[in-house]
Amino acid sequence: MEVTTMSEALQLHAQILKLGTSNNDAPRNFSKLFTFAALSPSGDLNYARLLLTSNPALNSYYYNTMLRAYSLSSDPTHHFHALSLFIFMLRRPTHGVPAPDNFTFPFVLKCCARLKLARQGKQLHGFITKMGFGSDCYIMNALIHMYSVFGDLGVARELFDRMPDRDVVSWTSLIDGLVDHDRPVEAIELFGRMLEAGVEVNDATVVSVLRACADSGALSMGRKVHGIVKEKKRIECKCNVSTALIDMYAKSGCIESAKKVFDGVVDKDVYVWTAMISGLASHGLCKEAIDLFLEMETCNVKPDERTMTAVLSACRNADLVREAYMVFSDMKKRYGIEPTIQHFGCVVDLLARAGCLKEAEDFMNAMPMKPDAVLWRTLIWACKVHEDTERAERLMKQHLEMGVDDSGSYILASNVYASVGKWSNKAEVRELMNKKGLIKPPGSSRIEVDGALHEFVMGDYNHPEADNIFVKLDEMVDKLKKEGYNPKLSEVLLEIDDEEKATQLLHHSEKLALAYGLIRTSQGSKIRIVKNLRSCEDCHEFMKLISKIYQRDIIVRDRIRFHHFKNGDCSCKDYW
Ligand code: ZN
Ligand code: ZN
């Protein structure tokens with residue numbers, strides 16, 4: 001009897017009970033029933049567990065299958081069930097319960113990782129070593145994965161280095177962990193070593209390393225990975241790989257290449273569409289983004305939450321107030337998607353940008369959820385840009401009184417006060433920030449030159465060509481001053497004299513990266529810089545002027561968006 005639904009499974013169960021255990025087919029039928037309930041998407045984990053509980057003397061295959069099924073579930077309750085089943089196996093209260101074996105541990109480790117139970121995970125590691133399973137490849141892989149999830153990358157690395165035979169999963173787990181914890185440059189290095197070692201990559205590896213390329217702006221490595229993908233037809237046709245490629249090209253400023261990948265995907269899923277729509281939106285190609293969304297509808301692909309965020313941000317970037325409202329009100333009615341804070345945030349941002357500050361404030365106050373710090377800052381920033389200082393100050397006070405402990409909010413407050421010349425308030429904010437022990441995260445910028453990534457932090461003297469860079473910067477400032485450039489000293493947080501402020505501004509990481517780009521790249525080629533924070537006003541002005549004086553296209557991706565500087569203007573139209 002074939003089993004494809006739970007009701008067929010129940011029939012089979014009834015048959016097993018009727019015929020009794022002495023029947024020849026009984027073991028085979030029971031195994032079929034159990035495997036279906038545990039592993040089929042239309043099965044039932046609770047039912048499978050019941051089968052196991054009522055027959056505790058089943059062999060380890062059943063226990064391990066149950067654990068595997070729990071570890072694959074997205075429901076955290078099931079991960080807890082896995083741990084309790086494992087403990088049951090350890091205690092063996094009833095006769096015949098199998099002891100854990102080498103297949104048991106990977107699933108249990110995976111559940112510890114998913115539940116973020118670091119202490120229990122480490123205990124389990126100790127136990128595994130004691131039991132003599134410490135060198136099993138599958139278990140080692142699961143341990144590397146678990147420690148990567150916990151952010152214990154040092155331990156993960158140590159385990160990895162100790163492994164006598166690493167397979168593709170070992171490499172991918174560590175690469176993935178590095179990317180997840182914001183260490184994309186090391187992830188790319190490791191991937192390079194993996195290629196040298198001749199390990200066959202799979203789609204998971206490719207997706208991880210492409211994320212690393214996107215995060216760090218390593219375009220040439222991204223292209224190289226694309227080349228590898230093209231050679232492997234088995235990987236090339238996978239939607240998750242296409243999505244990662246589109247995302248990588250879009251984030252590296254090559255929207256044309258992203259489009260080419262997108263056009264080549266035969267069977268596009270919602271992730272592929274969403275990656276392309278949000279890529280277009282982030283490049284300011286908002287009409288194209290919205291058109292693509294309409295095309296997606298005609299292809300009968302159902303949008304998800306992220307698609308809607310991408311569409312709303314396209315509307316936002318193009319100041320399409322009416323369209324955004326329409327999309328927003330359609331979300332629930334038409335697609336059954338409950339708006340999240342990201343969606344509300346897009347609308348607040350859109351209204352605020354358009355200068356409808358009162359409407360934006362009212363909309364934020366009427367939200368069903370509490371606005372987060374990002375949303376507060378978005379609105380306050382808009383008030384600052386539209387020079388509604390009264391509102392900016394009032395909102396700022398309200399926001400800080402709520403006890404925020406995010407350095408970004410204090411930095412914004414300091415900027416708001418500085419821009420209206422309220423120096424004593426600015427000093428107060430600064431003091432409060434120190435008292436709370438908040439420090440501004442260090443800004444860093446990356447630029448790729450001849451396939452190698454160069455990373456700069458503020459006032460970076462560590463680069464081998466630091467001397468040349470600072471000479472170049474002086475030359476750039478001289479030329480800029482002739483064009484009427486005045487450093488925006490209000491961007492500096494510290495209470496120091498003006499001359500020192502000017503020097504600090506000049507040494508912002510993106511300016512260092514830009515100077516290096518001008519030294520090392522040829523006239524006519526684009527300069528691409530990736531910055532981890534929002535660009536300051538002074539750097540923005542600086543880039544604009546340099547693009548004109550040196551006749552170079554400069555593309556900066558900051559934490560918020562892309563800036564294409566060309567001939568003295570920026571694609572963001574000075575709003576970011
Ligand atoms: Zn700056
Ligand atoms: Zn800009």
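The legends below describe several close-up views of one protein chain with two zinc ions, in a predicted model.

Residues are numbered from 1 along each chain as its sequence is written, while chains are lettered from A and ligands numbered from 1 in the order in which they are written. In this predicted model local features need pLDDT of at least 70 and side-chain atom pairs count only at pLDDT 80 or more, whereas totals for chains, interfaces and linings use all residues; side-chain values use heavy atoms, with hydrogens and water left out.

**View 1. The protein chain as a whole.** The protein chain holds 30 helices and six strands, where helices (H or I, at least four residues) and strands (E, at least two) are DSSP runs numbered from the N terminus. Its C-alpha trace spans about 95 × 55 × 50 Å along the principal axes, and 51% of the 576 residues count as buried, a word that stands for under 20% relative accessible area, with exposed meaning over 50% and partly exposed in between (1.4 Å probe, protein chains only).

**View 2. The site of the zinc ion (ligand 2).** The protein donors here are His540 (NE2), His563 (ND1), Cys570 (SG) and Cys572 (SG), which lie 2.0 to 2.2 Å from the zinc ion (ligand 2); donors are N, O and S atoms within 2.8 Å of the metal (3.2 Å for Na, K and Ca), and water is not among the atoms, so sites may look incomplete. The angles among the four donor atoms are 102 to 115°, and the site is tetrahedral, a label given to four donors if all angles lie between 85 and 135 degrees. His540 in helix α30 (residues 537–549) and Cys570 in strand β6 (residues 569–570) are 30 residues apart, and this pair links distant parts of the chain. Both His540 and Cys570 are buried.

**View 3. The site of the zinc ion (ligand 1).** His508 (ND1), Cys536 (SG) and Cys539 (SG) coordinate the zinc ion (ligand 1) at 2.0 to 2.3 Å, and these donor residues follow the spacing H-x27-C-x2-C in sequence. His508 sits in the loop between α28 (498–506) and α29 (509–520) and Cys536 in the loop between β3 (527–531) and α30, so the pair ties together parts that are 28 residues apart in sequence. His508 and Cys536 are buried.

**View 4. Helices α21 and α22.** The axes of helix α21 (residues 341–353) and helix α22 (residues 357–365) come within 7 Å and cross at roughly 165°; axes are lines fitted to C-alpha atoms, for helices over the stretch in contact, and angles run from 0 to 180 degrees between N-to-C directions. The two helices α21 and α22 are therefore roughly antiparallel to each other, a term for angles over 145 degrees, just as roughly perpendicular covers 65 to 115. Among the residues of α21 that meet α22 are Phe344 and Leu351, and those on the α22 side include Leu357 and Phe363, with contact meaning heavy atoms within 4.5 Å.

**View 5. Helices α27 and α29.** The axes of helix α27 (residues 466–482) and α29 come within 9 Å and cross at roughly 95°, which makes α27 roughly perpendicular to α29. The contact involves residues of α27 including Ile469, Phe470 and Leu473, and residues of α29 including Leu512, Tyr516 and Ile519.

View 6. Asn567, in the loop between β5 (562–566) and β6, has a positive phi of about 45° although it is not a glycine, and Asn567 is partly exposed, with a relative accessible area of 47%. Lys573, in the segment after β6, has a positive phi near 55° and is exposed, with a relative accessible area of 71%.

Definitions and conventions. Tetrahedral: all angles 85-135°; square planar, octahedral: opposite > 155°, others 65-115°. Parallel < 35°, antiparallel > 145°, perpendicular 65-115°, else oblique.
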